[in-house]
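Subject: Structure handover

Hello,

Please find the structure below, followed by notes on what was found in it.

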Amino acid sequence: MSVQDIMGVGIMVLGTVFFLAGTVGILRFPDAFSRLHAVTKADNLGLALIALGTSILAADGFTAAKLFLIWILIAVSGAIGGHLIARHALRDKS
Amino acid sequence: MTDPWIAFDLTLAGGMLVVAWLALASRAAFQMIVMFMMFGILASLSWVRLNAPDVALAEAAVGAGITGALLLRTLSSLRHAPKERAPHWPIAMVAGVLSLIIVGALGAALLMAPEASLGYDRAVAIRLDQSGVTNPVTAVLLNFRSYDTLLEIAVLSAALAIMLMLGSKPLSPRPLGPLFLPFAKVIVPSSVIIAGYLLWLGASQPGGAFQAAAVLAAGGIVLILGQHYDPRARDGALIRLVCGIGLAGFVLVAIGGQILTSEMLRYPEGLEKTWIVMIEATLTVSVAATLAALFVGALRKGTTA
């Protein structure tokens, strides 16, 4: 195993920790807003780390660029999705 | 030594069973749809594990994405919440027995399949260089078996035609707040670029017209939901034309092939790639318009069922 492999896999494992935290947050937090808070932050960072880890393992720069694009798109969609769900939940409440 | 992937595969298979059961057993229609979409994502993962990235892409984009969006859209336009009724036991019995027969037949087919039948792999590999593309899946879909693809487009067009005839409750998107415009500014141009990339990739790697169309349609739905574009206000006729042009173009290709090579859907020798790229590009735009139109529903202003 090269240094590159260890770094890549290590960062990916760290990413899964964030996913795990987000999942625990969904299951344990009391209301929609705090659940959203947990899942959007944790998933975003978790995915960022997994994308970073896989780009370190990736064969070439083009693959790494595609992984970066995937992360950007999911981060943007996740943020707007969380925002829309929170908006909806807020309207239902008032 | 056992393959370490087996743990992942077993988890995936178990998860699919659980999600399928949840989708069927949920009482609320919304929950069922979400479970169905989740099932699509897991199915897509399992196609990746089966070394079928083309099917995985299609399953993720069409099975989980667009179908889910269409189901949610249908749910929102139902006048009454669907009533949940436990089926009478004779019906449940018959359904159960029929399902078991199908499972048995599939199992028997799998077990009795002759060892040598490895699908079309060899036949396709032998003639791949005549197809004009290097991706065997695209070669099958748009050259060797393009008749099947033609019929698929016909089914899609028929679905749209029926929906336009029946009419539907018009889409009434709610205001989505100030953050939606910047989101659309990122997503819509990216969807166009990614669709073009997938389309071009289809010639040599997993990708192709349907996947590209699903991505493009998603970009269109973002525009429509954000109320940046209302297809009912204008362009209704233009959109119907674009929706129809996929099938019409494909039929013209079939006739053109008949005239040029005296065989239906056969492309002139040496020009296969040009023809395939032309068909795929037309299909991408047309199928994307059809999928988005199915989502919007009635294309004429003020038409309701």
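**An exposed loop residue**

B:Asn51 counts as exposed, because its relative accessibility is 68%; buried stands for under 20% relative accessible area, exposed for over 50%, and partly exposed for anything in between, with a 1.4 Å probe and protein chains only. B:Asn51 sits in the loop between α2 (29-49) and α3 of chain B. Although B:Asn51 is not a glycine, it has a positive phi of about 60 degrees.

**Conventions**

This is a predicted model, in which local features need pLDDT of at least 70 and side-chain atom pairs count only at pLDDT 80 or more, while totals for chains, interfaces and linings use all residues. Residues are numbered from 1 along each chain as its sequence is written, chains are lettered from A and ligands numbered from 1 in the order in which they are written, and side-chain values use heavy atoms, with hydrogens and water left out.

**Chain B overall**

Chain B has 11 helices and zero strands. Helices (H or I, at least four residues) and strands (E, at least two) are DSSP runs, numbered from the N terminus. The C-alpha trace of chain B spans about 55 × 55 × 40 Å along its principal axes. Of the 305 residues in chain B, 33% are buried. Among the contacts in chain B with a separation of 6 or more, 73% are between residues 24 or more positions apart; contact means heavy atoms within 4.5 Å.

**Domains**

Chain B is assigned domain 1 (1-78) and domain 2 (132-305), with bounds that come from an automatic or database domain assignment. The centres of the two domains, taken over C-alpha atoms, are separated by 23 Å. Domain 1 of chain B puts 12 residues into the contact, and domain 2 of chain B puts in 19 residues.

**Cores**

A nonpolar core is a set of buried Ala, Val, Leu, Ile, Met, Phe, Trp, Tyr and Cys residues joined through side-chain atoms within 4.5 Å. Which residues have the most contacts inside the largest nonpolar core? They are B:Phe250 and B:Ile279, in a core of 33 residues. Two or more residues of this core come from each of α3 (53-77), α6 (136-144), α7 (146-166), α9 (209-225), α10 (236-261) and α11 (272-296) of chain B. The most is given by α11(B), with nine residues. At least three residues of this core come from each of domain 1 (1-78) and domain 2 (132-305) of chain B.

Not counting residues up to four places away in sequence, B:Phe250 touches B:Leu142, B:Ser146, B:Thr149, B:Leu150, B:Ile153, B:Leu265, B:Ile279 and B:Leu283. There is also a second, separate core of eight residues, including B:Phe180, B:Ala184, B:Val188 and B:Val222.

**Packing of α3(B) and α11(B)**

The axes of α3(B) and α11(B) are 9 Å apart, and the two helices pack at an angle of about 20 degrees. That makes α3(B) roughly parallel to α11(B). Axes here are lines fitted to C-alpha atoms, for helices over the stretch in contact, and angles run from 0 to 180 degrees between N-to-C directions. Angles under 35 degrees count as roughly parallel, over 145 as roughly antiparallel, 65 to 115 as roughly perpendicular and the rest as oblique.

On the α3(B) side the contact is made by B:Ile66, B:Ala69, B:Leu70 and B:Arg73, and on the α11(B) side by B:Leu291, B:Leu294, B:Phe295 and B:Val296. Seven residues of this contact are nonpolar, none is polar and one is charged; Ala, Val, Leu, Ile, Met, Phe, Trp, Tyr, Cys and Pro count as nonpolar, Asp, Glu, Lys and Arg as charged, and the others, Gly among them, as polar.

**Two buried helix residues**

B:Ala214 lies in helix α9 of chain B and counts as buried, with 3% relative accessibility. B:Ala214 and B:Val287 are 73 residues apart in sequence, and their C-alpha atoms are 7.9 Å apart in space.

B:Thr138 is in helix α6 of chain B and counts as buried, at 4% relative accessibility. B:Thr138 and B:Pro206 are 68 residues apart in sequence and 8.3 Å apart in space, C-alpha to C-alpha.

Regards
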